[in-house]
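Please read them with the structure open.

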Amino acid sequence: MRNSQIVPLVVATALFMENTDSTVIATALPAIAASLGEDPIALKLALTAYLVSLAIFIPISGWMADRYGARTIFRAALLVFMAGSLACAASNSLSQFVAARFLQGLGGAMMVPVGRLVILRSVPKNELVSALAYLTIPALIGPIMGPPLGGLITTRLDWRWIFFINIPIGIAGIVLASLYFENLKEPERPPLDVVGFLLSGLGLATLMLGIASSGRHLLPEGVSWGCLGAGVVLLALYLRHSRRVAHPVIRLDLLRHSTFRAAVTGGSLFRIGTGAIPFLLPLLFQIGFGLDALQSGLLTFAAAAGALLIKLIGPRILRAYGFRRVMLVNAMLASAFLAVNGLFTAQTPHGVIVAVLLVGGCVRSLQFTCVNALAYADLDNRDMSAATSLASVAQQLSLSLGVSIGALALEAAAGRYGRTAIAAADFWPAFVTVALISATSFLSFRRLSADAGSEVSGQRPARDRA
């Protein structure tokens, strides 16, 4: 196998573990909430804690890899992720579970971005789309296996066993990285922007804590508003700081590249809708429709199966039609399929649900392939590390916002009828809300040129085809 195939497959081990973990947890949310004596919606704190931890530590992942070597950081990240998994299994309260998920996020922050950085530095640009496909195909097996596996473990055993799955996978990743990764370093690297890291990290953490804790008063209302205000102030201070230092921890100047800007802004809006799906669907099926965890998992895995199917033909579609046309059509199609989820009822045939989730997974996955490849189309190798960090931060924040916005919409719908417990009728406003936000990504992709990304898609520019 060529280097462009082996390296992505090794990184896919980590992505497989991360994706399996997140989808298994999503299926088990109601059972975990019952075991901890919490409202299921309160578990949004655990989901957002993981994503916020990623957003905080991802910006220094590239610097750490440049300083200590990509192989060293990748293996250490796998160890931290496994330690977080064991802490999750040992949790007996919501606060312990949230803290354990935050520790998992620290490992994930170094694990996948550093692996992706190795791919970007090891693979020629004209093989980038194919390399990313090799990365995502094995990784998408995790979301396919995750929901049924999580449902089976939760129904037949105990939810704590779901975290032990990560241990053998993590060990395999460490062994494969030792065999196939070069310990890539940058001989000339800028000093770490410690002040910027503290401002951005604390700003993101407090802002997202304020958003995630609002609604059901998981924290006192004054504390939630205080977190929101502090987050805004700290991020504003970081913005000012980043303009005054030579090497900020998050390089916002990269947004001057039109393709990178469209991928980050449009991709973030699109992911808000996607981020809500793993949170809303299991709650709809288990709390709204009364299905058990296994039945729920056997339905929700269809979306991941659709995502895997489209990866086989995604590069061919891009070569035929180009990034701009595919992304514009896909943005609207994917948002429509997201909104349709709100029309499901307990009487909807399971075959219809599976079909909708399957096609929806296809169009969303194609959009992610486009966004991930387009982001780096016009960047030099020296900017790859910073670009990977910025794109990954935006991705995790948008997924976290998807969970929070979906939960807030769900709570608001229940509140209209004076209820505290959610019912099946409360879900359609939540799905429509996140679908509308996802659809606004169309505006960012519309600004792309007709031949945007032709270098990485393999499509000839329009001027050459004339």
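1. The side chain of Gln 286 reaches the backbone oxygen of Thr 27 at 2.8 Å. A polar contact here is a pair of N or O atoms within 3.5 Å; within protein, one must be able to donate a hydrogen and the other to accept it, and residues adjacent in sequence count only if both atoms are side-chain atoms.

2. On the basis of the numbers: this is a predicted model, where local features need pLDDT of at least 70 and side-chain atom pairs count only at pLDDT 80 or more, while totals for chains, interfaces and linings use all residues. Residues are numbered from 1 along each chain as its sequence is written, and side-chain values use heavy atoms, with hydrogens and water left out.

3. Gln 286 sits in helix α10; helices (H or I, at least four residues) are DSSP runs, numbered from the N terminus. Gln 286 counts as buried, at 13% relative accessibility (buried means under 20% relative accessible area, exposed over 50%, partly exposed in between, with a 1.4 Å probe and protein chains only). Neighbours within four places in sequence aside, Gln 286 is in contact (heavy atoms within 4.5 Å) with Thr 27, Pro 30, Leu 291, Asp 292, Ala 293 and Ser 296.

4. Helix α10 (residues 258–288) packs on helix α14 (residues 350–374) at an angle of about 155°, the axes being 10 Å apart. Axes are lines fitted to C-alpha atoms, for helices over the stretch in contact, and angles run from 0 to 180 degrees between N-to-C directions. The two helices are therefore roughly antiparallel (over 145 degrees). Among the residues that meet are Phe 270, Arg 271 and Phe 285 in α10, and Arg 364, Gln 367 and Phe 368 in α14. By class, this contact has 10 nonpolar, five polar and two charged residues. Ala, Val, Leu, Ile, Met, Phe, Trp, Tyr, Cys and Pro count as nonpolar, Asp, Glu, Lys and Arg as charged, and the others, Gly among them, as polar.

5. Helix α13 (residues 323–340) also packs on α14, at about 145° and with the axes 9 Å apart. Residues meeting there include Phe 323, Met 327 and Phe 337 in α13, and Val 363, Arg 364 and Cys 370 in α14. The α13 contact with α14 divides into 16 nonpolar, three polar and one charged residues.

6. The C-alpha atoms of Ala 346 and Leu 284 are separated by 9.4 Å, although the two residues are 62 apart along the chain.

Notes. Parallel < 35°, antiparallel > 145°, perpendicular 65-115°, else oblique.
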